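Dear colleague,

Please find below the structure that I promised to hand over to you.

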Amino acid sequence: MTKQSSGRRQHIAIYIYGPTGGGATRRTLTLAGGFAKLGHRVDLVVVEATGHLAEDLPDGVQLVALDSPLLRLAKGMKKRMRRLRIKLSGLALGRYLWRERPDVLLSAANHVHLTALIAARLSFAPVRVVLRVSNHLTGSHLGDSERQRPIRLKFARRVYGWADAAIAVSQGIADDLVEHTRLSREQVCAVTNPTYTPEVESAATAPLDHPWVAPGAPPLLLGAGRLAPAKDFATLLRAFARDRARRPVRLVILGEGNNRRDIEQQMKELGIEWDVELHGFVDNPFDWMSRASLFVLSSAWEGSPGGLVEDMACGCPVVSTNCPSGPEEILAGGRYGRLVPVGDDAALADAIIETLDTRIDSEVLRARAREFDVDRAVQRYLYLLLRGA
């Protein structure tokens, strides 16, 4: 049961793990800020209140840290226990929903959806539950063991049907949801990520003190994202090694993750460690984007990679794997950047060289990026979130 829409100021609760770094969290905070700017009450409901972006909450957004004896007991758990901490937050989330009675709960990341849906149902609160689905249902569980995966997927396919609606970040994900869950086509809508703002272009002009961006330095390739299997940096490193054997070129990867040691070991095995830098998480990646010769997305799977849009907004050419899903939609089938098969380092290496050798109009790229405007996405989200509230 949901409240009827009345045109009043709405109370929107957004549930995520926490204000950690990364593109998905940035998109969530952008949405939250957009809702608040339009006068809505916005609670960012989190399991963990600390993280890289904890100091970057938009104006008007209230941070609500869930609390319970179980969560306090689990506070010292290592990052790999995040999924357990999310499960343990369910009762606290249910109490929050019953106490605060938001008009709508936006579950903003795949790994919290099951907890959000179960908590909402058990709370008996009259709240509309909308899922923001940023990855394929199967991709969300690729980290599970071979024994756990089919059980989790079967459970998820059933429970997703409890949602009032789902907002997919790409059409490919929308199609996947309709095919593999009990959500109907009418309940699922694709909305592009809120990515472009004029501030991206202004942040790109910030000073950057690094010898690899100095005048006369070799072309600089840029990768970005969590150091995790989904990003498939192994393929990027193999492609880079091929190109490094052909001409001087360097690579910087922005981001952190559990695969750092494996990536460092591969760099040594390929003999490219002196020309690759794992730069870690940065608050402002746009100064790197504006100075790179090329941005390379090597992902095995994605939702809708905002990095492609952000790099184009900075005037940086892009190359991407044609992974499911998002890159083909963002790059319009290759019109705005070359697309290559997933895991094909030879094709990726060729696409990198071909792009470096091609004169590309940066204004065309910027114009494409502006089509992913934040204000447009916020208005679309609000319509879908509140049409039944």
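Ser304 lies in the loop between strand 11 (294–297) and helix 12 (306–313), where helices (H or I, at least four residues) and strands (E, at least two) are DSSP runs, numbered from the N terminus. This is a predicted model, in which local features need pLDDT of at least 70 and side-chain atom pairs count only at pLDDT 80 or more, while totals for chains, interfaces and linings use all residues. Residues are numbered from 1 along each chain as its sequence is written, and side-chain values use heavy atoms, with hydrogens and water left out.

Is Ser304 buried or exposed? Ser304 counts as buried because its relative accessible area is 11%, given that buried means under 20% relative accessible area, exposed over 50%, and partly exposed in between (1.4 Å probe, protein chains only). Leaving aside neighbours within four places in sequence, Ser304 is in contact (heavy atoms within 4.5 Å) with Ser134, Val169, Ser170, Asn193, Ser325, Gly326 and Ile330.

Ser325, one of the contacts of Ser304, is itself placed in the loop between strand 12 (318–321) and helix 13. A cis peptide bond, with omega at about -10°, joins Pro324 and Ser325. Glu329 has its place in helix 13 (residues 327–330), and with a relative accessible area of 37% Glu329 is partly exposed. Not counting residues up to four places away in sequence, Glu329 touches Ser170, Gln171, Gly172 and Arg368. Of these, Gln171 is 158 residues apart from Glu329 in sequence, yet the two are 8.2 Å apart in space, C-alpha to C-alpha.

**Two residues with positive phi**

Most residues other than glycine have a negative phi, and most peptide bonds are trans. Arg101, in the loop between helix 4 (90–100) and strand 4 (104–107), has a positive phi near 50°, and its relative accessible area of 29% makes Arg101 partly exposed. Phe124, in the loop between helix 5 (113–123) and strand 5 (128–133), has a positive phi near 60°, and Phe124 is exposed, with a relative accessible area of 69%.

**Cysteines**

How many disulfides does a search of the whole structure find? The search finds zero, a disulfide being a pair of cysteine sulfur atoms within 2.5 Å. For Cys323, the closest cysteine sulfur is that of Cys316, and the distance of 18 Å is too far for a bond. Cys323 counts as buried at 4% relative accessibility, and Cys189 counts as buried at 16%.

**The chain as a whole**

The protein chain has 16 helices and 13 strands, and its C-alpha atoms fill a box of roughly 65 × 45 × 40 Å, taken along the principal axes. With 389 residues, a compact globule would have a radius of gyration near 21 Å, and the protein chain agrees with this, having 21 Å; the radius is taken over C-alpha atoms, and the globule rule is 2.2 Å times the number of residues to the power 0.38. Of the 389 residues, 52% count as buried. Among contacts between residues at least 6 apart in sequence, 71% join residues at least 24 apart.

With kind regards
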